[in-house]
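Please read them alongside the sequence and the coordinates.

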Amino acid sequence: MRPLRSLAALAALAVLPALAACGGGSADDAAGKGTVVVRIPDPGNSGVLARGKKDGSLDKALAAVHAKVVWTGSAGPFAPAAQAMNADQLDIATGSITSGITSLAQSPGFAFFTATDPDPVGEGILVRDGSGIDSVADLVGRKVAVNKGGTGEYLLLKALAKAGIPAGKVERVYLRPDQTAAVLNAGQVDAWAVWSTYAVAEIGAGKARFVADGAAIGSDNYSLNAVRKGFADAHPEVVKALYGYLHERSAEERRDPAAYLNVFTDAGPTAVTGRAREVQIGFTAKGGTVDPIGPEDIRRFEEVARFYAEQQVTPGKVDIAAHLLDVEKLS
């Protein structure tokens with residue numbers, strides 16, 4: 001079984017209105033005849049793609065299969081990225097299996113081609129220091145912020161189920177992750193089910209801690225890479241080359257997390273500094289790599305789909321296996 005990690009290299013990706021500039025044209029447009037364009041959301045300031053963008057290594061890897069990246073949109077939740085792939089405005093995106101399941105329930109035009117094992121330390125139930133919440137049982141009668149149908153809702157429901165607490169004993173407050181920190185710090189919610197992208201700043205600031213992390217919860221919340229089905233059908237060699245790059249570089253990132261932080265700038269709102277930087281390095285060092293999807297992964301995906309159906313997050317059990325690619329067999 002692969003070593004565990006959070007895919008800090010690839011934050012959950014979304015699409016901003018800038019996608020409209022790409023239109024819905026062929027993936028061969030804009031790069032010249034014979035060159036395949038791969039549309040990927042901009043990676044921001046940290047991670048494998050950010051470093052690959054800066055040092056040219058990703059361009060070099062894709063040039064070997066006559067492809068190049070067009071960066072578009074920016075980091076955010078998976079659901080908008082899934083919609084953009086369905087509309088032929090995006091070719092590659094990253095998200096959790098949990099948000100993937102809810103997106104797969106809505107006429108998907110994408111498939112998953114890599115998996116990164118659940119994050120044991122960087123996701124969980126976050127509470128403010130001094131909140132008086134010391135266990136999952138202490139959440140009874142409280143308000144917990146979650147992103148609907150995604151990682152947050154899954155983590156909360158999974159934690160409650162493991163503790164034998166009916167889901168109705170805790171009030172779920174549906175919020176966008178980028179809006180939640182202020183709400184938590186203002187005391188308008190008592191806890192936040194969240195992942196490392198947002199947890200690092202709060203923990204690093206010394207304001208919050210996990211009352212239960214991914215390992216304690218027993219999370220099966222994999223991070224996955226998705227590809228637009230039309231793109232995978234037309235350019236399997238590009239998908240395979242991208243996988244190879246992500247696999248190799250994510251292993252390097254685990255060995256040297258600091259080299260993949262603050263790739264473009266070490267100041268400003270996108271930089272991870274001070275104690276938060278130490279927290280992020282610690283999370284990433286306990287991680288794993290971007291790998292092919294194997295039989296054990298699929299079994300665990302199915303467990304998440306079954307759990308979501310049981311918890312009525314989805315109207316029925318989503319057929320995950322129908323939307324998976326064996327990247328090692330692509331050519």
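1. Throughout this note, a residue is called buried when its relative accessible area is under 20%, exposed when that area is over 50%, and partly exposed in between, with a 1.4 Å probe and protein chains only. The model is a predicted one, in which local features need pLDDT of at least 70 and side-chain atom pairs count only at pLDDT 80 or more, whereas totals for chains, interfaces and linings use all residues. Residues are numbered from 1 along each chain as its sequence is written, and side-chain values use heavy atoms, with hydrogens and water left out.

2. On the overall make-up, the protein chain holds twelve helices and twelve strands, where helices (H or I, at least four residues) and strands (E, at least two) are DSSP runs numbered from the N terminus. Of the 331 residues in the protein chain, 54% are buried. Taking contact to mean heavy atoms within 4.5 Å, 81% of the contacts in the protein chain with a separation of 6 or more are between residues 24 or more positions apart.

3. Strand 2 (residues 36-41) is largely enclosed by the rest of the structure, because six of its six residues are buried. Both faces are covered, with Val36, Val38 and Ile40 buried on one side and Val37, Arg39 and Pro41 buried on the other. That division can be read against the general rule that side chains in a regular strand alternate between the two faces of the sheet. Strand 2 runs parallel to strand 3 (residues 67-72) and is joined to it by six bridges; two strands are said to pair if DSSP finds at least two bridges between them.

4. Strand 6 pairs with strand 12 (residues 223-228) in the antiparallel sense over six bridges, and Phe112 has Ala226 in strand 12 as its bridge partner.

5. A nonpolar core is here a set of buried Ala, Val, Leu, Ile, Met, Phe, Trp, Tyr and Cys residues joined through side-chain atoms within 4.5 Å. The largest such core has 46 residues, and those that touch the most other members are Phe78, Phe112, Ile125, Leu139, Leu156, Phe301 and Ile320. Helix 5 (residues 151-162) supplies the largest share of this core, six residues. A second, separate core of 26 residues includes Val65, Ile92, Phe113 and Val327.

6. Helix 4 (residues 97-104) and helix 12 (residues 295-310) have axes that come within 10 Å and cross at roughly 60°. The residues making the contact are Ile97, Thr98, Ile101 and Thr102 of helix 4, together with Phe301, Val304, Ala305 and Tyr308 of helix 12.

7. Glu202, in helix 7 (residues 196-204), is buried, with a relative accessible area of 7%, and, not counting residues up to four places away in sequence, touches Leu126, Ala181, Asn185, Trp192, Lys207 and Ala208. Tyr222, which lies in the loop between helix 8 (214-217) and strand 12, is likewise buried, with a relative accessible area of 1%; its C-alpha atom is separated by 9.0 Å from that of Arg300, 78 residues apart along the chain.

8. His66, in the loop between helix 2 (57-63) and strand 3, has a positive phi of about 60° although it is not a glycine, and is exposed, with a relative accessible area of 54%. Asp88, in the loop between helix 3 and strand 5, also has a positive phi of about 60°, but is partly exposed, with a relative accessible area of 22%.

Note on methods: Axes are lines fitted to C-alpha atoms, for helices over the stretch in contact, and angles run from 0 to 180 degrees between N-to-C directions.
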